[in-house]
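Visitor: Could you take me through one part of this model up close? I'd like a single residue and its surroundings, told as one connected story.

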Amino acid sequence: MARKSAAIGAADALHGFRTGHPCEVAGQIAAQNMANVVECRIVGFDITITVSAKSIGMVHFASATATTS
């Protein structure tokens with residue numbers, strides 16, 4: 001869930017619906033969900049966020065993309 005929330009928040013920042021740099025916004029949202037942003041990629045008006053979270057001694061990765069097509 002952190003990946004989707006982070007991607008949507010970053011897309012909102014990218015489009016001017018919230019303040020802040022999109023990757024920083026994604027990092028704040030991921031941190032609130034006990035995850036870390038590993039990669040933040042902006043291409044045009046698309047943003048892809050990859051997050052990691054540690055659980056039971058394992059690190060899990062997940063990605064989400066927010067686009068305006």
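Guide: Strands here are DSSP runs of E, at least two residues long, numbered from the N terminus. With that in hand, let's settle on T50, which is found in strand β2. Keep in mind that we're looking at a predicted model.

Start with the strand itself. β2 covers residues 46-55 and runs antiparallel to β3, residues 58-66, with 9 bridges joining the pair.

Now back to T50. Its relative accessibility is 11%, and because buried means under 20%, T50 counts as buried. The side chain of T50 also has a polar partner: it makes a contact of 2.8 Å with the side chain of S63. Setting aside residues up to four places away in sequence, T50 touches A62 and S63, and also N36, V37, V38 and E39.

The E39 side chain meets the side chain of R41 in a salt bridge, at 3.5 Å from N to O, and the structure holds 1 salt bridge. Both partners are partly exposed: E39 has a relative accessible area of 35%, while R41 comes in at 42%.

Technical notes. Residues are numbered from 1 along each chain as its sequence is written. This is a predicted model: local features need pLDDT of at least 70, side-chain atom pairs count only at pLDDT 80 or more; totals for chains, interfaces and linings use all residues. Side-chain values use heavy atoms; hydrogens and water are left out. Two strands pair if DSSP finds at least two bridges between them. Helices (H or I, at least four residues) and strands (E, at least two) are DSSP runs, numbered from the N terminus. A salt bridge is a side-chain nitrogen of Lys or Arg within 4 Å of a carboxyl oxygen of Asp or Glu. Buried means under 20% relative accessible area, exposed over 50%, partly exposed in between (1.4 Å probe, protein chains only). A polar contact is a pair of N or O atoms within 3.5 Å; within protein, one must be able to donate a hydrogen and the other to accept it, and residues adjacent in sequence count only if both atoms are side-chain atoms. Contact means heavy atoms within 4.5 Å.
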